[in-house]
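The following paragraphs lead through one structure, part by part. Please keep the sequence and the model in view while reading.

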Amino acid sequence: MDWAQFQKPQRYIGNEWNAVSKPHDGRLKICLCFPDLYEVGMSNLGLRIIYGLINEYESAVCERVFLPAPDLAGYLTQTGTKLFSLESKAALDTFDVVGFHLGCELNFTNFLAVLELAGIPFEPSRRRDIIVMAGGLVNPEPIAPFVDVFFLGEFEAKAEEFMEVLKRYKGREARLEAFAHIEGFYVPAYYEVATGEGGARLVPKTPSVQFPLKKVHVKDLNTSYYPTRWLTPYTQIVHDRAPIEIARGCPHHCYFCQARCVYFPYREKKTEYVLTQMEEIYASSGYENLSLLALSASHHSQIEEIIDGAGKLFKEKRVGIALPSLRVDDIVGRLYPRLAALKKVSLTLAVEAATVELREKINKHIDVDAVFEARDVLRSLRLRTIKLYFMFGLPGETDEDVVAIAQMIRSFQRALGVKVNASINIFIPKPFSRFQDVAMDSPENLRRKRQLIQKELGSFPLRRYHISFSTQERSFLEAVLSRAGREIAPVIFRAFVAGARSDSCEETFRWDIWEEAFRDEKIDFRQYTTSVHPRFNPHYTAGGAV
Amino acid sequence: MNTLKVTIQKSGLMRYYSQLDLVRILERAARRTDLPFAFTQGFTPRLKISFHNGLKLGVEGDILATFYFHEETSFVRLEENLLPQLPHGLILKP
Ligand code: SF4
């Protein structure tokens, strides 16, 4: 194939440093798919963990595939070529399992597009050998009719059982039956949805299958698998750095937050393991940027030792070390001398709400005043930009709270003298967050509030800040797809057939297609956002997180 | 500063990687060795390297490049250490 005929052919080569290629013969074949473009999918840590972990097994081979860009997708369709994996270029339907990472609801249509391009039937009943698996979802129901088996939680915890089932059982049905009996696996065909008072419920068809469904997690982050033979891309990807996870979960409890429930419970990795992994990852990749990953790095009980150790390890090596989730009072306080030694510091603040009163209502604890008090200290850190995250449309929010967002952007810019990048998102009540049952703000109100912010920023010079607002329609769609049940599957399918793709992306998102799909299926999407929809009912427990 | 002029031959699948990608590939490969490569100064230090010609994406061929070092480094030493860190399709010639 002459790859030069496609845009960015680098996406499809699959020969990156530390990519694994093993002969297929006799091995169990698993293909992992992140249904978005290469540069997005390669930035996902979960995918890398599973890729490395499965390839540790001599008896298995694990390869990758991403969503082809429209030019390659068109070529495949025209020439009748089936979508193939990056490493061996084998058609997806020759694998035993195709595993999709579906952390983002707005990738549902891409997921269907990959199935179509691979020639894998949409209905499980029409599949011959292949098993379509999906993980990373909080609410799997909207795509349950297209998936053979879901994985709920952290795959590392059940990789052994996963391999065991594939080894012991031959054939789709036998394997699916075996999965249905193991914690963390959810085989939708073994359950039906009963509707009645109090909403929809999942009812097992056979009493022996897993019920209630439970999410699984690894107990010990020190001993669980982490990929240190770092798969290093040759071309630029979205998050172009190697992350070293230092903790999973979050000890805080912001009421809007879904992440803390997804990664519940809070676990830390000890300094010695963090440093060893950093060293190994650098040695195997030569990555010029590393980051220490956690939802709240400041809370790590050994954060000082970790920063010191990292500083020592990489002192002479000109490696950038990012700590994206530090608390601002730590940056200017106890961690300042250590950070200054690392040279490169970025400041990202998830302020979420611009007033103390509203932050109180959403249980977000962040000391914004510390920034202003420590402006001289911060200026000395040679920050280039600062990034702020806000939400609007929050429960209990007043117009003053909204206007304060613009005011805060201005004061940050003035205090620090650097460009402010602000991302202002619409609040979405996500399942398993404390706010899961509250209604979304109305479209009219959200539009008005957005104007309030823009008006307040008014004459403030544009070169001093950059703002990205989340699109209103896309936020509503995300809310619907994260809160709906199986009944929404036909809408997703219709939108896909009508050409909806990459809905998470501003340029490709087509609300008109979705609106029509809802209309044709006679489903009023507003019912999912105005209050708890009676059908919305998470079918598994998040492990006591709510 | 010591310099070394070498020819990098791009063939096979590597022809689909751009000149910018090549910089990235060489820098990361260099970082995986213990050779005394020189880096640029500043906020984001990069491997110091200059190319004397370019190749179009999809085309195989030779690129003439200069590497910079803190201490004198022979081509033999460079090849011995850097080549094992390069993907198939990239080789070094004096
Ligand atoms: S939003 Fe709050 S609860 Fe969620 S991860 Fe961040 S600090 Fe933790």
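What distance separates the centres of domain 1 of chain A and domain 2 of chain A, taken over C-alpha atoms? The centres are 32 Å apart. Chain A is divided into domain 1, residues 3-214, and domain 2, residues 242-470; these bounds come from an automatic or database domain assignment.

This is a predicted model, in which local features need pLDDT of at least 70 and side-chain atom pairs count only at pLDDT 80 or more, while totals for chains, interfaces and linings use all residues. Residues are numbered from 1 along each chain as its sequence is written, chains are lettered from A and ligands numbered from 1 in the order in which they are written, and side-chain values use heavy atoms, with hydrogens and water left out.

Between the two domains of chain A, eight residues of domain 1 are in contact with eleven residues of domain 2, contact meaning heavy atoms within 4.5 Å. The area buried between them is about 750 Å², and carbon and sulfur atoms give 50% of it. Buried area is the accessible area (1.4 Å probe) that two parts lose on being put together, summed over both. On the side of domain 1, L45(A), V138(A) and E154(A) supply 64% of the area buried against domain 2, more than any other three residues.

The largest nonpolar core has 206 residues, and those with the most contacts inside it are F162(A), I409(A), W514(A) and L78(B). A nonpolar core is a set of buried Ala, Val, Leu, Ile, Met, Phe, Trp, Tyr and Cys residues joined through side-chain atoms within 4.5 Å; buried means under 20% relative accessible area (1.4 Å probe, protein chains only). Helix 15 of chain A, residues 399-416, gives the most to this core, with nine residues. Helices are DSSP runs (H or I, at least four residues), numbered from the N terminus. Because domain 1 and domain 2 of chain A both give residues to the core, it lies between them.

Another core, of eleven residues, lies apart from it and includes A353(A), L358(A), I362(A) and L394(A). I362(A) is in helix 12 of chain A, residues 356-362, and is buried, with a relative accessible area of 0%. Leaving out residues up to four places away in sequence, I362(A) touches residues including C254(A), F256(A), A353(A) and L394(A).

Among the residues that surround the ligand are C254(A) and F256(A), along with C250(A), H252(A) and K364(A).

Terms used:
Buried < 20%, exposed > 50% of the residue type's maximum accessible area, 1.4 Å probe, protein only. Helix = DSSP H or I, 4+ residues; strand = E, 2+ residues; numbered from the N terminus. Near = heavy atom within 4 Å.
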